[in-house]
Amino acid sequence: MSDEVLRLEQLCKSFGNLEVLKNIDLEVRRGETIVLLGASGSGKSTLLRCVNFLEIPTSGRIILQGEVVGRQSKGRTVYSEQDLTQIRKRVGMVFQHFNLFPHMTVAQNVMEGPRTVLGLSRTECRQRATKHLDKVGLGWKADAYPAHLSGGQQQRVAIARALAMEPEVMLFDEVTSALDPELVGEVLETMKELADEGMTMMIVTHELGFAYTVADRVLFLSEGRILEEGTPTDVLTNPQETATQSFLRSHSRFRIPESTL
């Protein structure tokens, strides 16, 4: 399909004898927001890390914008450093821990990737930093240092830092799980705005109300497989699989806001 951005075919990942991902098939379309749910150890974070090649898949194929990543050699896919560098330019990722450089200002943190990885001029880097800090509502903090920001603000800077590479796909791995509850909303609102603007995103989260409101598709992973997928209404209010039902029951705080119905 012409609007396909990313495709995973029979993707597997093992650590020794432990199979973490088992034959994952997934198509991600341009502008789509996919939320991955599942219990701890179900493979959600490993899936994102394979998409960004922070973990090298054991087998299977990843196809980005119609091009297979890597090359076949003796019946297996091998990846050069050039392949991995190109992917990481095109697929952005935001983590649970923001890991900003403490000795750099907010603007310098956002400029670092475009400067060192893309080789852009200082002027271009500054323009990108200004653009994306404004997007996450933190242009006014450009000259501050991370220690002077709240956790929610630091995570929004981390989002701006990933956006400054202007990737084709954004991955979010439980980005609110380390935040105090009162700071979660500002980060989720930033992500919702990105979804509304048409950013292609894959999100691992336990914020089920957010998933219901923002996702185009929800995938429920169990034991390394996609057990159930569908619209948020399908998966979150009418799950078919016993494991999905059990997972949702365990999140007793989950309520679908009336305003979203």
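# Close-up views of a sheet and its helices

The UniProt annotation "domain: ABC transporter", taken from an unreviewed entry, covers residues 6-248; UniProt positions are given in the numbering used here, feature names are shortened, and such annotations may be inferred rather than shown by experiment. This is a predicted model, in which local features need pLDDT of at least 70 and side-chain atom pairs count only at pLDDT 80 or more, while totals for chains, interfaces and linings use all residues. Residues are numbered from 1 along each chain as its sequence is written, and side-chain values use heavy atoms, with hydrogens and water left out.

**View 1. The annotated span, residues 6-248, is 38% helix and 27% strand.** Helices (H or I, at least four residues) and strands (E, at least two) are DSSP runs, numbered from the N terminus.

**View 2. An open sheet is formed by 6 strands in the order S8-S9-S10-S3-S11-S12, with mixed pairing.** Two strands are said to pair if DSSP finds at least two bridges between them. S8 and strand S12 (225-230) stand at the edges with a single partner strand each, so one side of each is left without a neighbour in the sheet. Neighbouring strands of this sheet are turned by 20° against each other on average, direction ignored; the axes are lines fitted to C-alpha atoms, for helices over the stretch in contact, and angles run from 0 to 180 degrees between N-to-C directions.

**View 3. Strand S8 (residues 91-94) runs parallel to strand S9 (residues 169-173), joined to it by 4 bridges.** Gly92 has Met170 in S9 as its bridge partner. In a regular strand the side chains alternate between the two faces of the sheet. In S8, Val91 and Met93 point one way while Gly92 and Val94 point the other, and all are buried, where buried means under 20% relative accessible area, exposed over 50%, and partly exposed in between (1.4 Å probe, protein chains only).

**View 4. Strand S10 is covered on both faces, with Met201 and Ile203 buried on one side and Met202 and Val204 buried on the other.** S10 runs parallel to S9, to which 4 bridges join it, and Leu171 stands opposite Met202. S10 also pairs with S3 in the parallel sense over 4 bridges, and here Met202 is the bridge partner of Ile34.

**View 5. Strand S3 (residues 33-37) and strand S11 (residues 217-222) run parallel and are joined by 4 bridges.** Within this pair, Leu36 stands opposite Leu219 in S11. Helix H1 packs on the sheet, touching S3, S8, S9, S10 and S11, and its direction makes about 150° with that of S9; contact means heavy atoms within 4.5 Å.

**View 6. Helix H1 (residues 44-51) is largely enclosed by the rest of the structure, because 6 of its 8 residues are buried.** The buried residues are Lys44, Thr46, Leu47, Leu48, Cys50 and Val51. H1 is followed by Phe53, whose phi is positive, near 60°.

**View 7. The axes of helix H5 (residues 151-163) and helix H6 (residues 181-196) come within 8 Å and cross at roughly 25°.** H5 and H6 are therefore roughly parallel to each other, since angles under 35 degrees count as roughly parallel, over 145 as roughly antiparallel, 65 to 115 as roughly perpendicular and the rest as oblique. The residues of H5 that meet H6 include Gln153, Arg156 and Ile159, and those of H6 include Leu183, Val187 and Met191. H5 also lies across S8 and S9, running at about 170° to S8.
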